[in-house]
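Please open the model in your viewer and keep the selection panel at hand. The stops below go chain by chain and then contact by contact.

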Amino acid sequence: MIGLSHYLIFSTVLFGIGIFGMLSRRNAIAVLMSVELMLNAVNVNFVAINRFVTSGQAAGQLFSIFVIVVAAAEVSVGLALIISIYRHRKSVDLNNFDLLKW
Amino acid sequence: MEISLLGTEILLATLGFLALVTGLLPGRAKSITGSMSLAGLLLILVYTIAHFGEEASLFQGIYLVDNFAAYFKMLFLTATLLVSLGAGRYLERFENKKSEFYSLMVFATLGMVIMASAGDFITLYVGLELMTVSFYILTAFLLRDGLSTEAGLKYLVLGAASSAILLFGISLVMAYTGTTVIGATAARLMTEPAVVAGIVLLAAGFAFKISVIPFHMWTPDIYQGAPTPVTNYLSVASKAAAFAAMVRVFMVAVDAAPGLTLSWNLILAILAALTIIVGNLIALVQEDIKRLLAYSSIAQAGYILAGLAAANAYGLKGVLFYALLYVFCNTGAFIIATAVEVDSGSTAIEAFRGLSKRSPALAAIMTICLLSLAGIPPLAGFVGKFYLFAGAIQQGYLWLALIGLIMSMVSVYYYLNVSRVMYIEKAGKQEPVKGSGAFRLALWVCALAAIFLGCYPAPLSNLAQQAIQLFL
Amino acid sequence: MLTDYATIGVFFLLTVSFPIAAMALSWIFRPKPKAAPDDEKYTTYECGVDTRGKTWIRFRVNYFLFALVFLAFDVETVFLYPWAVKFQKLGFFAFAEMIVFIAILVVALWYAWKEGALEWH
């Protein structure tokens, strides 16, 4: 039977891929996508918890709805910023964002 | 349910929208936004103080109204007011976007208020994100300035990643407890590898928000790139909000868990020691005032974390006391840094040369604020550090208190270095640094608070004592 | 345990065999040309206007901005679903709350409008 632990392992792997992508990709949009992957790993967790641990309550599903909405707001701000930066520098490569010491 | 229990939150949300809407008015009607926001914030602060002492648990425990939350609400509102007042002529750089600036400041405050009152992880998360998303925009507010937008994007990527880490921690804890209510978590926590991993991730997420070493990489960059008033607000208020949430989560859920054997105090104590040492050492070599204050704020977060690691009456009282005096002292220093930046166009420490001749009052207040941050008696910082380190010693972390003491002495060097530049080196210009009445008011409040709290700490100390009563 | 994976295996086989079957069938039934195809056969549209330029062109940034505004409003409406499902039980207070929520969205829309986010420059 596929149980909670399978989902937890799956989401941990997904989360790890997200972290790896965030650290290794140099394109600002790809980095944002990796962050989304991390948040979606969390969503998988919450929905699985809702099914296996707290059946009858909707706390897990509610949590994932909030995560989705907040992530959308975050990405909107992020993409708007990327557009604004692109207008000035004609690049979305993080290696070129070196005005500040990273 | 009485609607007045949520007065602070409702009023803040209304004020934020009003500021946004008045910004759309044509012509000169726009200019009322600033004074309206300040008046509104002052009113809300008075309202919050008047309602101190109310206790209630709303919506089945997901929203808590108690003294602890009320204390932090006062702190956030004070910080917002001082920062908005002190921004002064820097606001001219925002051109026709001033109303958005005020609106976002108010929304960020609302997020912090929700964080301090959250009795549930969902509420906590929503408050946290309301605060940080507002801060992403505020950090990138100077859209034409490459530094500012770059800082905004970096903050967004790292901030979103840290939120994801925090959430992953919450989900692991929730997988074992089956509840999102912080108060109900403690009874069901047990020593399982996944739970421990969850708590560690939770701590890492918070550590990122309060920029504890080794999660501090973002701080200097973002602090340098953001508009100076925003840096100021970021360093005092967002840190205090993260501490408020962290204290509640760790004291209510982790510390009180009977089935969990995890020496989280020790982990936090080690992190605090690392933060104090590294933050102070790197601050020694900074040449930019914003980066200097950024590293100093990392070190200050270490002191406050020491109080949480102690987790006893003295330590927690120290956390609350120090968080508030840090608002006054750091804001004072930042307001002067803002004025000097507007005057000279530079954020280098060099720009402070001869400030004592040009504006003696500013130089004196800057020195008072910095010495208070260093913890020199009879200023407020000394009393705050006394509580924090006394708590650490009581808990058996004598080494932590010693490290804090030694590094405080080291910090005097770089704080006094700024004073040296102001008092000894010669100025290029002679005319005084300009500032409005609001700017002076904010400065005097900061300076007087730093002195008053140092000489007569009893009232605030009692208030902090009442606020932490629910954790003891 | 094993039977669970067997279900996945069956689905996997089905998903692989469907496209293969579809392509194989069309290969069997289609008319087979006698001669080798000429250049006309290789153009994008055999009849109609010839295409010009590459497909990797740059789109106007306005599409992006519209998408952002749409994304923000679209995702907010997700809160309407749980509210609608429980509407009968929640009563008047929840109705008033949802009105406030929508009012907030309307203010945001008004702001976006006034700031020119909906204009096509």
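Domain bounds here come from an automatic or database domain assignment. With that in mind, select chain C, which is divided into domain 1 (2-42) and domain 2 (61-114); the centres of these two domains of chain C, taken over C-alpha atoms, are separated by 44 Å.

Before going further, note that residues are numbered from 1 along each chain as its sequence is written, while chains are lettered from A and ligands numbered from 1 in the order in which they are written. This is a predicted model, in which local features need pLDDT of at least 70 and side-chain atom pairs count only at pLDDT 80 or more, whereas totals for chains, interfaces and linings use all residues.

Next, select chain B, which holds 19 helices and two strands (DSSP runs numbered from the N terminus, with helices being H or I of at least four residues and strands E of at least two). Chain B has a radius of gyration of 21 Å, close to the 23 Å that the globule rule gives for 472 residues, so it is as compact as a globular protein of that length (the radius is taken over C-alpha atoms, and the rule is 2.2 Å times the number of residues to the power 0.38). Along its principal axes, the C-alpha trace of chain B spans about 65 × 55 × 40 Å.

Staying in chain B, select helix H13 (residues 313-344) and helix H18 (residues 437-455), which pack at an angle of about 145° with their axes 9 Å apart (axes are lines fitted to C-alpha atoms, for helices over the stretch in contact, and angles run from 0 to 180 degrees between N-to-C directions). Residues in contact have C-beta atoms, placed from the backbone, within 7 Å; on H13(B) they include Phe328(B) and Gly332(B), and on H18(B) they include Leu443(B) and Ala450(B). The residues of this contact of H13(B) with H18(B) divide into 13 nonpolar, two polar and no charged (Ala, Val, Leu, Ile, Met, Phe, Trp, Tyr, Cys and Pro count as nonpolar, Asp, Glu, Lys and Arg as charged, and the others, Gly among them, as polar).

Now show chain A beside chain B: 37 residues of chain A are in contact with 31 residues of chain B. On the chain A side, H3(A) gives the most, with 15 residues, and the residues of that side divide into 30 nonpolar, five polar and two charged.

Finally, show chain C with chain A, where the contact takes ten residues from chain C and eleven residues from chain A. Helix H3 (residues 61-76) of chain C supplies the largest share of the chain C side, seven residues.

Technical notes. Contact = placed C-beta atoms within 7 Å.
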